[in-house]
Amino acid sequence: MSITWSRTLSIETRQNELVGLPSGRLRIDSFPMYLLRLGNQKFWIPDHIDFTQDIEDFESMDVSARQTVRMLVAGLVAGMEPATRDVEPFARAAAAEGRLADELYLSQYAFEEAKHVRGLRLWHDAIGLTGELHEYVEDRSDHTAIFAEAQSTTAFALLGDSSPAAQIRASVVYSQIVEGTLALAGCQMWHEILAGTGALPGMTRMLKKIAGDQRRHTAWGTFTCRRHVAAADANWNVVLRCVEELREPAIDLLVARRRALDEESERGLPGADVHELATRVNRALDHRLALIHSALGRSPWEIDGDCSPVELEDRLGEESAG
């Protein structure tokens, strides 16, 4: 199967598309369609999660515990709000390449990101955290380099350049670093610190749902890199260079967040220490890189129907759950 792409998506491209679904226009057994089906099966609604116990728990917490919660939540919100705004360029790039299945899945992807932000806002309002959270986010150059610079820059570059290299750069930043590394580690950090106490069960339940969505999003990013690597060997070097550029800043950001939490706590916090955290994140990144590398020399058509990225994320999720 030949792989083609256009530099930009024009109105003429849309106007000239045939109405309906002619043969070859939509591959039902493709990986994006598999992800779409999984998302439908795992659908959840933030409004159905009961935060009553969370309200009581937060009101009964001492100053140190409340500060820990604020810092944990601020780290999650700092990543999830920008993520919602940066999905659209990926859909535009998929359209420019003529990949209808990816366009369809990315509409669900964007909906899920919006749902995450809404769910977090509902929880904030329920427990009375109505103020800004900026003071609880580490003022670090690593945070700026990833969220304010790399994520937005690479995502919106897709609006004018849907080339394989541009898609790879944006996918690595968004899926491998922001969601696959920072967001998933943040959800796990919350679980390790609070799950054993039984406190804030509504938020804990919601973050478990969010993490499930994020693993599918990460799997799509891995798949996107794999199909481009299968199409051209040179694209592997683009993947590797992007991951290695942001690996250290991402880990440094997580380590700084964990240290800040430990310093704030009066009693010490459970969960992975900074060394274990760094090891765990590095291992997950290496597993994803190995899977992307395995696409070298394979047929793009074969990769398009390969569900290995979801199988990997399921395995990583089970390992993180202990």
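Trainee: How many aromatic pairs does a search of the whole structure find?

Mentor: Nine aromatic pairs turn up. Rings of Phe, Tyr and Trp (its six-membered ring) pair if their centres lie within 6.5 Å; planes under 30 degrees apart are stacked, over 60 edge-to-face, the rest tilted.

Trainee: Why is the pair of Phe31 and Tyr34 called tilted?

Mentor: The ring centres are 6.3 Å apart and the planes stand at 40°, so the pair is tilted. This is a predicted model: local features need pLDDT of at least 70, side-chain atom pairs pLDDT 80 or more, while totals for chains, interfaces and linings use all residues. Residues are numbered from 1 along each chain as its sequence is written, and side-chain values use heavy atoms, without hydrogens and water.

Trainee: Is Phe31 buried or exposed, and what is Tyr34?

Mentor: Phe31 has a relative accessible area of 0%, so Phe31 is buried (under 20%; exposed is over 50%, partly exposed in between; 1.4 Å probe, protein chains only). Tyr34 is at 21%, so Tyr34 counts as partly exposed.

Trainee: What makes the Phe90 and Tyr174 pair edge-to-face?

Mentor: The planes stand at 90°, with 5.3 Å centre to centre. Phe90 is in helix H5 and Tyr174 in helix H8, 84 residues apart; helices are DSSP runs (H or I, at least four residues), numbered from the N terminus.

Trainee: How do you know that Phe90 is buried?

Mentor: Phe90 has a relative accessible area of 7%. Tyr174, at 1%, is buried too.

Trainee: Why is Arg27 said to lie over the face of Trp301?

Mentor: Arg27 is at 3.7 Å from the ring centre. The rule asks for NZ of Lys or CZ of Arg within 6 Å of the centre and within 35 degrees of the ring normal.

Note on methods:
Helix = DSSP H or I, 4+ residues; strand = E, 2+ residues; numbered from the N terminus.
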